Amino acid sequence: MVYINPIEILELKDKEVNEIDSSIIKKSKRRLFADIDLSDSGFYEYNGQKLTKSDCERAIEELEDKNKIEFYSHLSTNIELNKFLANGSNELLNSLKQESIYKLPDFVDFISPFFSAKIDHILLKSFQNKDLELFSSALRAEYLISKNDLNKAYKSLGNEIQQRITATDKLTNEIKEEESNYTDDNIDNVINVIQNRFPSEFLNKLPIYFQSQINKIAASINFLQLNVWNEFNTTSVPLSLLEYLLELNIESVSKPTFEKNYNIVKKKHEERIEQEKNAPLIKEWAKILISIQSKVDDVENETLKANDALSFVKSSFDLSELNNLPSFANEIRTQIGYSIRSMSIASWNKQSDIKNALALINYSLSINVNETAKSKFQQDKNELEELEKKYKGVLVCHFCETNAPDKGCEIHTTIYKETSRSYFPRRVQFSYSDVTVPRCRSCKEIHSKGSSNYSLAFFGLLILGVIIGALTEGEHFVIGGIIGAVVGWIVGKSLEGNQVKKGGIKDSSESTLSRHPLLIERIKGGYTFSKPSA
């Protein structure tokens, strides 16, 4: 829309409003058209515009409205505003003053279409050229724009901001899809891109009209920092982006989320700074972590026994030293905890060693890990304890209550239960069950040693009794053998008991077996180790 002041081109600005009538207008119009006809160009030069007679005719027709005569008359004397409406000269904005006529809604409605078009152009150019003073002055002139023309006044700037949001979202997607040109070495350049694309000192001067777009800018920057966080080895860039985001005048339900993200990233960034400062110490603990992780496969492959794995873990590091490390060691603590947990799982899944599996998970729980990890470790412990109760005497050797049972070391026995008995004729019926009692290799060796000593003592004293009986008198031959047998049994049992006691374990007698979890209820139910006889 082109602004032409007919009062000005008709040279009537010296006339009072009530003096301007149709006759004066017609007379001035004839003179104007004559000047155009006599000019070399055939145009009327007006504030940088070349007006034809048709242009002038349309402008002069505006004077048919008495209110517009008054408005145009005022504008012909308000040189800066009149010039601004005609060609967008910045002089008005540099020294904009309040005038009483500006408070008239009809006057504002009258100039608004022309004024808003010029403001639209100035806002865009000053934003692009980073001319904050002109940008601010243009925004302060909003009171000369009617509400119906705000869309027109802010259209170009709004489009420019939207294009920048779109470009940022495109960059975010490229980073997410690993299609951008950024690397760990130059990703920090993104900060300058965003700061130049969305200058906060400009955006924070925008009126409420732009609030929705400012919120979109904040959301766009937030998505960008999230993907930088996910794809690059940096915390400083996401932190800087979030700091810049929070400089904006955000009025959005998402603002608490942005603030929460900022606090998370800031904490992580501070931890990373601390880690870099303590890199040598972290390196030492990283070696310990790797050594523990390397043993997990050995436990799974059963080339490293669970009890040896536990000993290895305990000797690998000082628990109190690990727990007393500052927050920079949070990650390494958690990883060590998870590695020991993996050993615990392998000890149970691959070696069925419930005791050492529990000991390992308890060691994980003794490390100062985060709540998520601690919760998982506790859940593992609870499950293992339930298994231990359910399979008591099967998962841990009943005799030493320490080691896991070993294959080939079991005790095989048969138990019997009388089912019926008759006396005429004498007859007994019974059922029986073959039972395998798990046992570890160590207990088997101690039991075998005690049993051998018992046999040697029994048979040795039996033979000695027979010899002594034969040397005395012939009729004492049998009595000597019996006495030797009895004494041999007593001494043999004593030797066996001493051997078991020396090993600190339960013996393998029927009395001990009767208290085994696999047998105790059946013994109470009437089963015995002796076959019933008629």
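Hello everyone, and thanks for coming. The model is predicted, so to speak of a local feature we ask for pLDDT of at least 70, and side-chain atom pairs count only at pLDDT 80 or more, while totals for chains, interfaces and linings use all residues. Residues are numbered from 1 along each chain as its sequence is written, and side-chain values use heavy atoms, with hydrogens and water left out.

Let's begin with the whole chain. It has 24 helices and 4 strands; these are DSSP runs numbered from the N terminus, H or I of at least four residues for helices and E of at least two for strands. Of its 534 residues, 41% count as buried. Buried means under 20% relative accessible area, exposed means over 50%, and partly exposed is in between, using a 1.4 Å probe and protein chains only. Take the contacts between residues at least 6 apart in sequence: 71% of them join residues at least 24 apart. A contact here means heavy atoms within 4.5 Å.

Now to the cores. Which residues have the most contacts inside the largest nonpolar core? They are I9, L85, F115, I119, I161 and L206, in a core of 80 residues. Such a core is a set of buried Ala, Val, Leu, Ile, Met, Phe, Trp, Tyr and Cys residues joined through side-chain atoms within 4.5 Å. Helix α7 gives the most to this core, with 9 residues. Setting aside residues up to four places away in sequence, F115 touches L81, F84, L85, L92, A141, L144 and I145. Another core, of 34 residues, lies apart from the largest one and includes A346 and F377.

Please stay with α7 for a moment. The axes of α7 (residues 105-128) and α9 (residues 150-176) come within 5 Å and cross at roughly 25 degrees. That makes the two helices roughly parallel, a label for angles under 35 degrees; over 145 is roughly antiparallel, 65 to 115 roughly perpendicular, and the rest oblique. Axes are lines fitted to C-alpha atoms, for helices over the stretch in contact, with angles from 0 to 180 degrees between N-to-C directions. Among the residues that meet are I119 and L123 in α7, and L157 and I161 in α9.

With 9% relative accessibility, S146 counts as buried. Beyond its neighbours within four places in sequence, S146 contacts V108, D109 and S112. From S146 to V108 is 6.4 Å, C-alpha to C-alpha, although 38 residues separate them in sequence.

On to helix α13 (residues 236-245), where 7 of the 10 residues are buried. Those buried residues pack against α10, α11, α12 and α14.

Rings of Phe, Tyr and Trp (its six-membered ring) pair if their centres lie within 6.5 Å; planes under 30 degrees apart are stacked, over 60 edge-to-face, and the rest tilted. W285 and F317 form an edge-to-face pair, 6.0 Å centre to centre with 65 degrees between the planes. Both W285 and F317 are buried. Y416 and Y432 are tilted instead, at 6.4 Å and 40 degrees. Is Y432 buried or exposed? Y432 is exposed, at 54% relative accessible area, whereas Y416 is buried at 14%.
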